[in-house]
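This briefing is for a reader who is new to the structure. It begins with the chain as a whole and then turns to the core and a pair of helices.

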Amino acid sequence: MLHITRASADGVAACRCPDSLMAVPDQSETPWDGSGWQMACHKCGKAFTFGKAVRINMKLRDFILKDLRQRDLPKELLNDPDFIDGCCESIGEMMADLEEGKEYVYLDGMLIPTDHEGPIEFDGIFAAHELTSVPHLELKRDKGAARHLLADPRYWNDRALPPEDEDEELDDEFDDDEDGEFEDEAADDDADAGPAGRR
Ligand SMILES: [Zn+2]
């Protein structure tokens, strides 16, 4: 399979491992901290920004299991086939279009080739992005780009998508149920009045 290793051209990486691979992304709720626009090394856990697609002799599922097992995750989660399947599916999708030897950056659930031309528009895990170019490239020109766009909470918060939480869906369902319950209650009242009361 094709995987992502730290690109040797990454001058801003904290990871120094010669054989790093992109760990299963663990994007936090504050993606500007780096978790939303950098990759983490599966070995040392440190960040790198520029990755290169390389062929490795391993199955995606095996890599994901190995990577997740070295983290502090609850056992129930690791033994939950639905959770593992979900991880494999989302990482598989993310890596589906990798081209060997190409350089990539991570942004909000997507891997974007750094030679991408034209606008970048997508709804990520956290935010809706509309960019004219790959913003990470600024770091290649200026390592000290401290006020880097992607490290700025305002960039993310200004574009934040409404939280996609299951509660909302449940609320909708609940509303429907409520209507149903109301009818049921009315029917119950009628029933209380006895069969004659229904007419
Ligand atoms: Zn590393």
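What percentage of the contacts in the chain with a separation of 6 or more comes from residues 24 or more positions apart? The share is 56%, where a contact means two C-beta atoms, placed from the backbone, within 7 Å. The model is predicted: local features need pLDDT of at least 70, side-chain atom pairs count only at pLDDT 80 or more, and totals for chains, interfaces and linings use all residues. Residues are numbered from 1 along each chain as its sequence is written.

**Chain**
- The chain has six helices and eight strands, taken as DSSP runs (helices H or I, at least four residues; strands E, at least two) numbered from the N terminus.
- From the N terminus on, their order is β-β-β-β-α-α-α-β-β-β-β-α-α-α.

**Nonpolar core**
- The largest nonpolar core has 22 residues, and Ile4, Met39, Ala47, Phe48 and Tyr106 have the most contacts inside it.
- Such a core is a set of buried Ala, Val, Leu, Ile, Met, Phe, Trp, Tyr and Cys residues joined through C-beta atoms within 7 Å; buried means that 20 or more other C-beta atoms lie within 10 Å of a residue's own, with C-beta atoms placed from the backbone.
- Strands E2 (39–40), E3 (47–48) and E5 (103–107) each give two or more residues to this core.
- E5 supplies the largest share, four residues.
- Not counting residues up to four places away in sequence, Ile4 touches several residues, among them Leu21, Met39 and Tyr104.

**Helices H1 and H3**
- The axes of H1 (residues 60–69) and H3 (residues 81–95) come within 10 Å and cross at roughly 120°; axes are lines fitted to C-alpha atoms over the stretch in contact, and angles run from 0 to 180 degrees between N-to-C directions.
- Leu60, Arg61, Ile64 and Leu65 of H1 meet Ile84, Cys87, Cys88, Ile91 and Gly92 of H3.

Technical notes
A residue is buried if 20 or more other C-beta atoms lie within 10 Å of its own, exposed if 12 or fewer, and partly exposed in between; C-beta atoms are placed from the backbone.
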